[in-house]
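Please have the structure open while reading.

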Amino acid sequence: MRIICPIKRVPDTAAEKKLDPADRTVDREQSDPVLNANDEWSIEEAMRISERDGAEVIALCMGPDEAQSTIRKALSYGLDGAIQISDPALHGSDAVATARVLAAALRQEQFDLIIMGNQSSDARTMLVPALLAEFLDLPALTYARKLEIDGSTLTVQRESPSGHVVVQAQMPAVVSVVEAINEPRYPSFKGIMAAKSKPLDVRDLAAIGVDAADVGLEGSWTQVVDVVARPPKEPGKRVEDDGSGSVGAKALAEFLAERKFI
Amino acid sequence: MGDILVLAEHDAGVPRRITGQLLTAARERGAGAVHAAVFGDKAAEGADRLGAHGAAKAFVWDSSEADAYVTEARTAALVAALQASGADVVLFSSEPFTTDVAARAAVRVNAGIITDAVDLEMDGDAVVATKAIFGGDMISRCRVRPGRPQFIGVKANAFTAQEAGGAPAEIVALDVQLDDTARRASVVDVVEQESGGRPEMTEASIIIAGGRGLGDAESFRLLEELADALGGAVGASRAATDAGWYPHQHQIGQTGKTVAPQLYLGAGISGAIQHRAGMQTSQAIAVINKDADAPIFSIADFGVVGDLHKVIPPLIEEIRKRRE
Ligand SMILES: Cc1cc2nc3c(=O)[nH]c(=O)nc-3n(C[C@H](O)[C@H](O)[C@H](O)COP(=O)(O)OP(=O)(O)OC[C@H]3O[C@@H](n4cnc5c(N)ncnc54)[C@H](O)[C@@H]3O)c2cc1C
Ligand SMILES: Nc1ncnc2c1ncn2[C@@H]1O[C@H](COP(=O)(O)O)[C@@H](O)[C@H]1O
């Protein structure tokens with residue numbers, strides 16, 4: 001079996017975001033980039049399958065040269081290798097353009113399963129898994145909180161707002177995972193050392209047969225009009241309770257009534 | 001031109017609140033006609049009533065097949081509805097399962113797609129969508145490039161539903177032919193947790209969220225009681241879901257759900273950046289925390305420094321009294 005894990009390099013949530021005034025994109029390299037948290041769960045799930053059933057696990061990342069530190073981080077979990085799609089023309093690609101590129105790269109690969117995070121912490125579109133499946137003409141079992149494999153049949157517990165839905169499809173397929181699916185491991189020292197020498201296959205747009213006119217800031221089907229920092233909030237009111245609870249309760253009820261919630 | 005198709009959400013024929021919100025947004029902003037697409041079991045039952053919110057036509061696929069398969073049966077229906085309606089804008093509810101349907105349909109009709117819009121304005125034929133990015137640190141306005149269908153996902157509670165008193169919508173039954181592709185992922189079972197009649201968290205206009213400060217799973221019953229008194233839903237921090245005190249689908253934050261209710265009331269939550277990333281664009285924020293230095297106070301409109309176990313019971317009493 002061969003499993004592909006698409007991974008994304010994202011600014012750390014805690015980092016201050018800096019905008020590039022030239023093209024209104026976020027200056028990602030200025031914002032402590034890290035491996036997207038949700039991709040740690042997909043990697044963990046892929047590694048568990050690999051350890052149980054035997055599988056080759058490959059990371060796939062669309063990102064600039066600097067993303068190689070993120071890819072090495074992913075490899076330190078014990079993956080077998082990685083593919084990076086890097087091209088200056090990709091800067092500013094939206095979700096559809098990203099999925100188009102990932103799909104083009106995957107058309108050159110043999111694989112049984114694609115496991116990915118359900119959302120990236122920066123763009124957070126939650127679009128890429130379904131878009132990727134559509135471009136590859138594959139079924140997608142998204143928001144998995146449990147994944148079982150029996151022969152070529154995948155059975156997934158799909159997290160719903162009110163519980164879950166049990167769904168099934170045949171491989172090859174796309175699965176996106178939510179946090180509840182597992183508890184990711186920490187990379188071992190051995191894994192970190194081994195990651196340095198794992199094969200990393202870097203391809204540009206020409207190599208995967210994607211026209212630069214279909215991607216990037218100009219080629220994406222959506223465009224950003226402007227980006228501004230969210231205006232700071234006025235400091236709110238604060239009440240100290242006296243330890244009985246009733247002072248705090250009365251004041252809070254008063255606030256709720258003022259705002260017409262009661 | 002510039003007709004808008006609203007992808008309606010309903011429970012066995014009863015339109016969900018988001019449907020009225022989407023129709024209101026479409027009606028108030030669009031220059032052309034507003035139509036609805038309604039799929040699933042009993043879809044036909046309430047579809048004509050969408051006229052009250054301004055839908056001229058309802059394109060209906062009343063079939064249990066919509067829910068027997070994952071995503072792609074509805075994708076085929078959405079493409080059919082779009083073609084039948086002639087609309088070039090689709091408004092859908094920015095919730096996970098529906099977003100999958102919209103994403104696949106967008107690729108099929110070469111549309112641009114934007115999710116999580118909290119406001120919409122028109123610039124000629126283009127819909128300009130406002131959305132929070134980077135966990136609410138930044139606000140961005142974006143649009144689909146001219147010349148393409150526009151798929152826009154809208155967050156619950158971004159708009160207030162208002163009836164327009166229109167005539168019943170004209171029902172147009174869609175003829176949706178499912179091929180093998182649409183049937184390749186199937187639904188085997190649907191498992192619903194006891195909701196206690198509470199609204200779904202991502203749709204609720206009031207959310208009561210609890211964190212590590214609750215101390216145990218049992219204390220979430222207290223939170224549920226408070227939620228019921230206010231007609232709200234219950235949310236949780238990762239510390240609480242990790243501890244198994246509340247199910248993960250209620251987790252708010254970077255790796256959980258992003259919510260923007262009219263009221264977020266957090267108790268025993270410190271307000272870590274990863275939690276704030278999922279709630280800081282809420283319209284009103286109230287908190288109860290015993291630590292006056294907790295970072296959550298910095299984004300609160302109203303804060304009580306106190307013990308939640310002491311404050312919440314009399315708060316429930318007070319709310320009930322005022323509601324009588
Ligand atoms: C990659 C990543 C992703 C993450 N994603 C998320 C996410 O999606 N959602 C999320 O919530 N977190 C997330 N976290 C975790 C986050 O960093 C915090 O650890 C978490 O939010 C803390 O939850 P908490 O506020 O409930 O607990 P704590 O930080 O422990 O805070 C508990 C608070 O309760 C107060 N308290 C205690 N007892 C009482 C009492 N009796 N009365 C009143 N107040 C009391 C305390 O003063 C304290 O402020 C993520 C972390 C990482 C690294
Ligand atoms: N540039 C990228 N390279 C590889 N995978 C990506 C990229 N962007 C998004 N993904 C994948 O898509 C998932 C969902 O991201 P999103 O749709 O942006 O919320 C992530 O968890 C990744 O697995």
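Predicted model: local features only at pLDDT ≥ 70, side-chain atom pairs only at ≥ 80, totals over all residues.

**Ligand 1: location and shell**
- Ligand 1 sits between chains A and B.
- There are 27 residues around ligand 1, and those that come nearest are Arg212(B), Ser237(B), Ser270(B), Gln274(B) and Asn289(B).
- Sorted by class, its shell holds 15 polar, seven nonpolar and five charged residues.

- The side chain of Ser270(B) places an N or O atom 2.6 Å from an oxygen atom of ligand 1.
- An oxygen atom of ligand 1 is also 2.8 Å from a polar side-chain atom of Gln274(B).
- For Lys290(B), a backbone N or O atom is 3.1 Å from a nitrogen atom of ligand 1.
- The protein buries 79% of the 990 Å² that ligand 1 exposes when taken alone.
- In chain B, helix 7 (238–242), helix 8 (273–276) and helix 9 (308–323) give two or more residues each to this shell.

**Ligand 2: shell**
- Of the 20 residues around ligand 2, the nearest are Pro6(A), Ile7(A), Asp39(A), Ser120(A) and Val128(A).
- The shell of ligand 2 comprises 11 nonpolar, six polar and three charged residues.
- Strand 4 of chain A contributes the most to it, with three residues.

- A nitrogen atom of ligand 2 is 3.2 Å from a backbone N or O atom of Ile7(A).
- Val128(A) has a backbone N or O atom 2.9 Å from an oxygen atom of ligand 2, and a polar backbone atom of Leu127(A) is 3.1 Å from an oxygen atom of the ligand.
- Ligand 2 has 490 Å² of accessible area on its own, of which the protein covers 98%.

Definitions and conventions:
Residues numbered from 1 in each chain as written. Chains lettered and ligands numbered in written order. Heavy atoms only, no water. Near = heavy atom within 4 Å. Polar contact = N/O pair within 3.5 Å; in protein donor to acceptor, adjacent residues only side chain to side chain. Areas by Shrake-Rupley, 256 points an atom, 1.4 Å probe, with all protein chains shown as cover. Helix = DSSP H or I, 4+ residues; strand = E, 2+ residues; numbered from the N terminus. Nonpolar A, V, L, I, M, F, W, Y, C, P; charged D, E, K, R; others polar.
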